[in-house]
Amino acid sequence: MEQKYYQKEIETMPLEEMRKLQSEKLVKQVKHVYENVPYYKNLMDEKGVKPEDIQSIDDLHKLPFLTKADLRDAYPYGLLAKPLEDCVRIQSTSGTTGRRVVAFYTQHDIDLWEDCCARAITAVGGTNKDVCQVAYGYGLFTGGPGLNGGSHKVGCLTLPMSSGNTERQIQFMMDLQASIICCTPSYAAYIGETLKEMGYKPEDIPLKAGIFGAEPWTEEMRQGIEKTLGIKAYDIYGLTETTGPGVAFECSEQTGMHINEDHFFAEIIDPATGEVLPEGSKGELVFTSLDKEAFPLLRYRTRDICVLSRKKCSCGRTLIKMAKPMGRTDDMLIIRGVNVFPSQIETVLLNQGYEPNYQIVVDRVSNNDTFEVNVEMTAEKFTDKVSEILAMEKVLADAMKTMLGINPKVHLMAPKSITRSEGKAVRVIDKRKLI
Ligand code: DLL
């Protein structure tokens, strides 16, 4: 694919220049936050750090971390760094527990967010000749509004579908010949499944690329979606706290996501000690907003587990890359003392020819963890013979045991019996009430 960039100078900037830009922005940002956010001033005072101590990006480690707990404490206005009169938008997390995170944006913040999404769309080959169907949820969730804004900036004909109403999605896709689709990977898989049932073949589908994120998905799932929809499937990452989608995006190489590091500086830390780890280490991803005005979080602990790499990329971008997040410090299950990530289960299923329609159910009975995985049979694998079902369950349980080191009880279920998701899929039901 011929490489196109949305902001070439930034996206291909030599590292030394990028460091200079980041340093200048950080020094200004720390001063802005210290002077305008009493909550943050207190945190810095407690740690004995003054804005003068931050002279370049190399001093970043001196600053305190911010966590989700800080966001909850400071809800709703405690971390606001601009007067409300200067803010033009609020977005919020999809979190279902505790207080939601509320993020504020000035027009400048919206602009830089939409630029990040425009970089992502351009990186997958999007131009003003494309019809871009945005099937992430609109509203408080950042997915719809972020990619909608990016699509406008690129000049695509934007189809603001939001998520859900799959038959209508497909009708618009076909009638208007949508060439790019943006949604969660689980919804993309569902759209693919529905198209197949309707009798469409990959070559009948007008799409050429998809921009999928907001939840973890595996390489195997990527291959499945690419095959069913006849497209290239690209990853996109972000979180409400930093803006939304577009913090990092995938390019034609499809080997991880370039972080828009002129706006978001990334560190990897040891989640247990907070120590900053060298490039290539696996740990918790931490972001610093270098130039957001209204809600500029510094050293925000995302709880996403990830690896960074500065390996040269064939697309010509010099922006650092993050691997697909491998899970979260908080959705890593510890079952009978063993660490289990839903993505590992997904990998096993896809390798064994199943679709990523599954649910993990964990409980505790007489002080012992129970670990069950409900998996849908595909139409091709469907059988109602008990002996065959038992044999298939055993094959899956053995493969999971090899991957995880512990034995799950696998239940095969009829096709279509696990509820499909139009947004983020619910993969885990933990009944142990450990927290
Ligand atoms: O999910 C923003 C977004 C919208 C990203 C659309 C991409 C596309 P939140 O609801 O605040 O924001 O959830 C953020 O979702 O910390 C990750 O754990 C997870 N996440 C987001 N993108 C990815 C991805 C949006 N590509 C949380 N792969 C993050 C894995 C992802 N996990």
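Residues are numbered from 1 along each chain as its sequence is written. In this predicted model, local features need pLDDT of at least 70 and side-chain atom pairs count only at pLDDT 80 or more, while totals for chains, interfaces and linings use all residues, and side-chain values use heavy atoms, with hydrogens and water left out.

**Pocket**

A pocket is an open set of points on a 1 Å grid over the protein atoms alone where a 1.4 Å probe fits, with protein on both sides within 12 Å along at least five of seven lines; lining residues have an atom within 4 Å of a point. The second largest pocket holds about 970 Å³ of space, a volume being the space filled by probe spheres set on the points. Its lining consists of 37 residues, and Ala-189, Glu-193, Glu-355, Pro-356 and Asn-357 lie nearest the centre. By class, 15 lining residues are nonpolar, 11 polar and 11 charged (Ala, Val, Leu, Ile, Met, Phe, Trp, Tyr, Cys and Pro count as nonpolar, Asp, Glu, Lys and Arg as charged, the others, Gly among them, as polar).

Helix H8 (185–197), helix H9 (219–229) and strand S17 (358–365) each supply at least two lining residues; helices (H or I, at least four residues) and strands (E, at least two) are DSSP runs, numbered from the N terminus. H8 gives the most, with eight residues. Because domain 1 (1–326) and domain 2 (333–430) both give residues to the lining, the second largest pocket lies between them; the domain bounds come from an automatic or database domain assignment.

**Salt bridges**

A salt bridge is a side-chain nitrogen of Lys or Arg within 4 Å of a carboxyl oxygen of Asp or Glu. The count by this rule is 29. Three pairs are tabulated.

| Pair | N to O distance |
|---|---|
| Asp-262 and Arg-119 | 2.9 Å |
| Arg-222 and Glu-219 | 2.9 Å |
| Lys-385 and Glu-388 | 3.7 Å |

Asp-262 lies in the loop between strand S9 (257–259) and strand S10 (264–269) and Arg-119 in helix H5 (residues 107–123), so this pair ties together parts that are 143 residues apart in sequence. Asp-262 is buried, at 2% relative accessible area, and Arg-119 is buried at 1% (buried means under 20%, exposed over 50%, partly exposed in between, with a 1.4 Å probe and protein chains only).

Arg-222 and Glu-219 both lie in helix H9, three residues apart, about one turn of the helix. Arg-222 is buried at 3% relative accessibility, whereas Glu-219 is partly exposed at 35%. Lys-385 is partly exposed at 49%, and Glu-388 is partly exposed at 34%.

A network of salt bridges links Glu-193, Glu-197, Glu-376, Lys-416 and Arg-420. Glu-193 is also among the residues nearest the centre of the second largest pocket.
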